[in-house]
Amino acid sequence: MSFLHRLLHAGVILVALVAASVASFAQSPDEAFKRFAAGTYSDTARAVELLVASANPRAALVVEALNDGRLLAGAGGVVVKTPEGGFVDAATGAALAALPAEVKPVRLNNAVRRAVQAALGGLGLLDPDPERRLAAAEAVFKSRDAGLLPIVESAIAKETDARARAALRQAQAAILIARPDVQPLDRLAAIEVLRDRGDQDALATLRALPPDATPALREAQAKAIAGIEGRLKLWAVAQNLWYGLSLGSVLLLAAIGLAITFGVMGVINMAHGEMVMLGAYTTFVVQELIRTHAPWLFDWSLAIALPAAFIVAGAVGIAIERGVIRFLYGRPLETLLATWGISLILQQAVRTAFGPTNREVGAPSFMSGAFELGGLAITYNRLWIIVFAALVFAALLAILKLTPMGLQMRAVTQNRRMASAMGIRTGRIDALTFGLGSGVAGLAGVALSQIDNVSPNLGQSYIIDSFMVVVFGGVGNLWGTLVGAMTLGVANKLLEPYAGAVLGKIALLVCIILFIQKRPRGLFALKGRAVEA
């Protein structure tokens, strides 16, 4: 009888505890609203916890209002200010004709904000939208709020979306690994989940393992951290390779026009960077006109700016060749000084017309944002610049190989006197070549306006690198320019993490100088009687 008596007594206690917890559960929304009215930070944080635990249908609305600064409380009750400017009672949802006199905005501090973010994550776990559930699971993962563990476990049992379920399991693992009362096997499973996630957040969470963990858990933690760090290093190298390809595409766009003029005419054009700058400012002017007169065309602004920038930069290039450079052929030092002076004139002209400050050039919708590819973060503007650089390179190859003008340009490059004797008007080819190279630099300016500051000094940032690419790849050779740009871009980005940006560039310059000592004509030297003489 004593055993049955004890069993009955335990059952009565259990029923009483359940009844008390149910009563507390039912009263928690009212208690939450009373704590909001109390006005202290600790009461506000506790009120948020009670709302989440209550499963009140209006909990999400109230917590979102608190997060946005639209929750007011006081002796007059708790009121939510709607985004439209109206007022509703937080407890009942009834619309209010006017704001009660004795309410004021509920204040937040950092602790309350953390509680609010965790609450939003917990409330979003049961949202019908899988994307919102996924975002909520990420919020719980970062907050590691142990109070949300029952909600997370309930959400895992109901979840049908694979991505959201994986995120929920990661949130569960982040909570379990930091709790002191978790069984070792559960912690071991949590470590495996975090190891599979494999990012910086997982690494930080793994390091939160309590000091009382067993040696087996410590060993599993060390292996997981080592595996994640090794994987992150590989992804970091891949990310730097991507940055290198992106930088190489920018250098290709900036240098390819210089490779044409340098190869055909032998002119050291120090004003080439200003052609890039003119292309960028042409993009700015086109966008300003579209914003003012046809804002619905903004997504087409770059497509409109491309031919405009080519024409503007090409026309300025032809004017420079016809007005100055044609009188200085065969005098490289005078040509260098003259084009340097022209670059200063163009910079000052743009500074006078547009001012010395940077100008904003917007990005069309299809070039905004980024996406994740494994551990790589790829921005759309850089991706489009790589595609654009490839298209420009292919177009120039087609012009040089498939058009009469390209044939004449190649003839003048290889043997100017023989080309002139065959009836080719070398002066006309020089002007058209200079215009083509300058026009391509203008196209580069359109692309660079999406990733760099549009200012009068824009071109000066790329002129030295452009000459390095041209000399390294081989003067006048487009394939050499491509290889040189990509090689220098990738090498620069791979050296930066170890030597820094400045020392990395100095090291590259030294390597190029040593390379030119061995191969003065670059990687791909042009062939021809005049060239080889």
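## Confidence in the model

Across the chain the mean pLDDT is 80, and 91% of the residues reach 70 or more.

The structure is a predicted model, in which local features need pLDDT of at least 70 and side-chain atom pairs count only at pLDDT 80 or more, while totals for chains, interfaces and linings use all residues. Residues are numbered from 1 along each chain as its sequence is written, and side-chain values use heavy atoms, with hydrogens and water left out.

## Helices H12 and H17

Helix H12 covers residues 301–323 and helix H17 covers residues 426–448; helices are DSSP runs (H or I, at least four residues) numbered from the N terminus. H12 has 23 residues and reaches 32 Å from its first C-alpha to its last, close to the 33 Å expected at 1.5 Å a residue. The expected span is 1.5 Å times one less than the number of residues. For H17, the end C-alpha atoms are 32 Å apart, which agrees with the 33 Å that its 23 residues should span.

Of the 23 residues of H17, 20 are buried, so this helix is largely enclosed by the rest of the structure. Buried means under 20% relative accessible area, with exposed over 50% and partly exposed in between (1.4 Å probe, protein chains only). The buried residues of H12 include Leu302, Ala305, Ala309, Ala313 and Glu321.

## How the two helices meet

The axes of H12 and H17 come within 7 Å and cross at roughly 140°. These axes are lines fitted to C-alpha atoms over the stretch in contact, and angles run from 0 to 180 degrees between N-to-C directions. The crossing is right-handed, meaning that the near helix is turned clockwise from the far one by less than a right angle.

Among the residues that make the contact are Leu302, Ala305, Phe310 and Gly314 of H12, and Gly427, Phe434, Val440 and Val446 of H17. By class, the contact has 14 nonpolar, seven polar and three charged residues. Here Ala, Val, Leu, Ile, Met, Phe, Trp, Tyr, Cys and Pro count as nonpolar, Asp, Glu, Lys and Arg as charged, and the others, Gly among them, as polar.

Val440, which lies in H17, counts as buried because its relative accessibility is 3%. Not counting residues up to four places away in sequence, Val440 touches Leu253, Ile256, Gly257, Phe310, Val392 and Leu396. The C-alpha atoms of Val440 and Thr339, 101 residues apart along the chain, are separated by 18 Å.

## Two buried glutamines

Gln450 is placed in the loop between H17 and helix H18 (463–473). With a relative accessible area of 11%, Gln450 is buried. Leaving aside neighbours within four places in sequence, the contacts of Gln450 include Gln287, Leu302, Pro364 and Asn381.

Gln170 belongs to helix H7 (residues 162–178) and is buried, with a relative accessible area of 16%. Beyond neighbours within four places in sequence, Gln170 is in contact with Glu138, Phe141, Val193, Leu194 and Arg197.

Terms used: Contact = heavy atoms within 4.5 Å. pLDDT = per-residue confidence, 0-100.
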